[in-house]
Amino acid sequence: MPFQYILANLLAQNDGAVGVLFLDDTGETVDFACSDYSPYQMRVVGAYVGIYLRQSESFLASTNLGKAKFLHVEKEGLHLYSMPLPDGYYLVLVQRRVSFNDCEHDHDCDHHDREYDGENFHEFH
């Protein structure tokens, strides 16, 4: 697994990360690193992210809105951050974080966006 070292580093360097997935252009999991989930569970997450990606790409193409630079899916207590890579691949960070909805009335809760610089995900306001 040639990407295991890179994926494991991404997993270790991102607070709350429970998995990092490398998906192909069909949404199939090529490789992954995980801490809290089984390999089977991570592949299932990858399959669902692949569905989300294909649906969003189809919608954007049908409405001439261009291509997505980033996809964020928020589930209860879980966030999926996906970004396209060259040649149709995707990098997906699976992270446990306080839900945006849980922060609605909490003034100490910061909402951050994330950016990938080729090595790490970084938060920015």
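Biologist: Over how many bridges do β1 and β2 pair, and in which sense?

Modeller: This is a predicted model, where local features need pLDDT of at least 70, side-chain atom pairs count only at pLDDT 80 or more, and totals for chains, interfaces and linings use all residues. Residues are numbered from 1 along each chain as its sequence is written, and side-chain values use heavy atoms, leaving out hydrogens and water. Strands pair if DSSP finds at least two bridges between them. For β1 and β2 the count is five bridges, and the sense is antiparallel.

Biologist: Which residue in the turn between β1 and β2 has a positive phi?

Modeller: Strand β1 covers residues 17–23, and strand β2 covers residues 29–34. The two form a hairpin, with five residues between them. In that turn, the residue with a positive phi, about 90 degrees, is Gly27.

Biologist: What is the bridge partner of Gly19 in β2?

Modeller: Happy to trace that one! The antiparallel pairing of β1 and β2 sets up the bridges. In β2, Gly19 has as its partner Cys34.

Biologist: How many residues of β1 are buried?

Modeller: Buried means under 20% relative accessible area, exposed over 50%, and partly exposed in between (1.4 Å probe, protein chains only). In the protein chain, 38% of the 125 residues count as buried. Strand β1 is mostly covered, and its buried residues number seven of seven.

Biologist: Is Val30 buried, partly exposed or exposed?

Modeller: Val30 is found in β2. Its relative accessible area is 37%, so Val30 counts as partly exposed.

Biologist: In what order do the elements of the protein chain run from the N terminus?

Modeller: Helices (H or I, at least four residues) and strands (E, at least two) are DSSP runs, numbered from the N terminus. The protein chain has two helices and seven strands. Their order is α-β-β-α-β-β-β-β-β.
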